[in-house]
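Please consult the sequence and coordinates alongside it.

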Amino acid sequence: MIGFGYDIHRFKEGRPLILGGVEISHTHGLDGHSDADVLSHAIADAILGTLGLPDIGHWFPPGDPSCKDINSLLILEKAAALIRERGYELVNIDSTLVAEAPKVLPHREAMQKKIAEALGLAPERIGIKATTNELLGAIGRQEGIAAMAVALIKQA
Ligand SMILES: Nc1ccn([C@@H]2O[C@H](COP(=O)(O)O)[C@@H](O)[C@H]2O)c(=O)n1
Ligand SMILES: C[C@@]1(CO)OP(=O)(O)OP(=O)(O)OC[C@H]1O
């Protein structure tokens, strides 16, 4: 069973930039009710999509005070638990970050490790790729960062 997830967050000054559970030094962070970890959100939605479960907004409602600045690795933990409760296990994840800046490739292994820990998977089962948007559109103008992810699960 496969699932797909997509998310986008706009940049905001004065916020830390968190991607895949890792704080990355940059001029801006991402805006959001949570820690705005766009990569973790896309991966969580991909996992939830494998079993046709409702997306992260159902489990972590936008605006809910308990979700304020929540560490999105907890969202990944929850998504993985929901799959396991239903008798499935994760096989692998693949993802792409779309960001004009900063360069994220140097942080790939740190992100893999954090996401792997949250999901209970080996780091090499977490694909993380990145591309610029070739200066096109909102991402090209450095207004934000988007992420896409796919997840594969099998019966445990
Ligand atoms: N935010 C980003 C964007 C890209 N990279 C790395 O650079 C390579 C080239 O990107 P293009 O968009 O010019 O194709 C890409 O393959 C990534 O390895 C990055 O680290 N961070
Ligand atoms: C996890 C949540 C909780 O508010 O995070 P947000 O920062 O609002 O991010 P978004 O990806 O717009 O929606 C998901 C929300 O459920």
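Q: In which loop is the place of Leu135?
A: The model is predicted: local features need pLDDT of at least 70, side-chain atom pairs count only at pLDDT 80 or more, and totals for chains, interfaces and linings use all residues. Residues are numbered from 1 along each chain as its sequence is written, and chains are lettered from A and ligands numbered from 1 in the order in which they are written. Helices (H or I, at least four residues) and strands (E, at least two) are DSSP runs, numbered from the N terminus. On that basis, the place of Leu135 is in the loop between strand 6 and helix 5 (137-140).

Q: Is Leu135 buried or exposed?
A: A residue is buried if 20 or more other C-beta atoms lie within 10 Å of its own, exposed if 12 or fewer, and partly exposed in between, with C-beta atoms placed from the backbone. Leu135 has 10 other C-beta atoms within 10 Å, and therefore Leu135 is exposed.

Q: What is the phi of Ala36?
A: Ala36 is placed in the loop between strand 4 (28-30) and helix 1. Ala36 is buried, because 25 other C-beta atoms lie within 10 Å. Most residues other than glycine have a negative phi. For Ala36, which is not glycine, phi is positive, near 65°.

Q: Which residues does Ser72 touch, not counting residues up to four places away in sequence?
A: Ser72 is in helix 3 and counts as buried because it has 28 C-beta neighbours inside 10 Å. Contact requires C-beta atoms, placed from the backbone, to lie within 7 Å. With that exclusion, Ser72 touches Ser34, Asp35, Asp37, Ser40 and His41.

Q: How is the peptide bond that joins Ala101 and Pro102 described?
A: Pro102 lies in the loop between strand 5 and helix 4. Most peptide bonds are trans. The bond joining Ala101 and Pro102 has omega of about 0° and is cis.

Conventions:
Contact = placed C-beta atoms within 7 Å.
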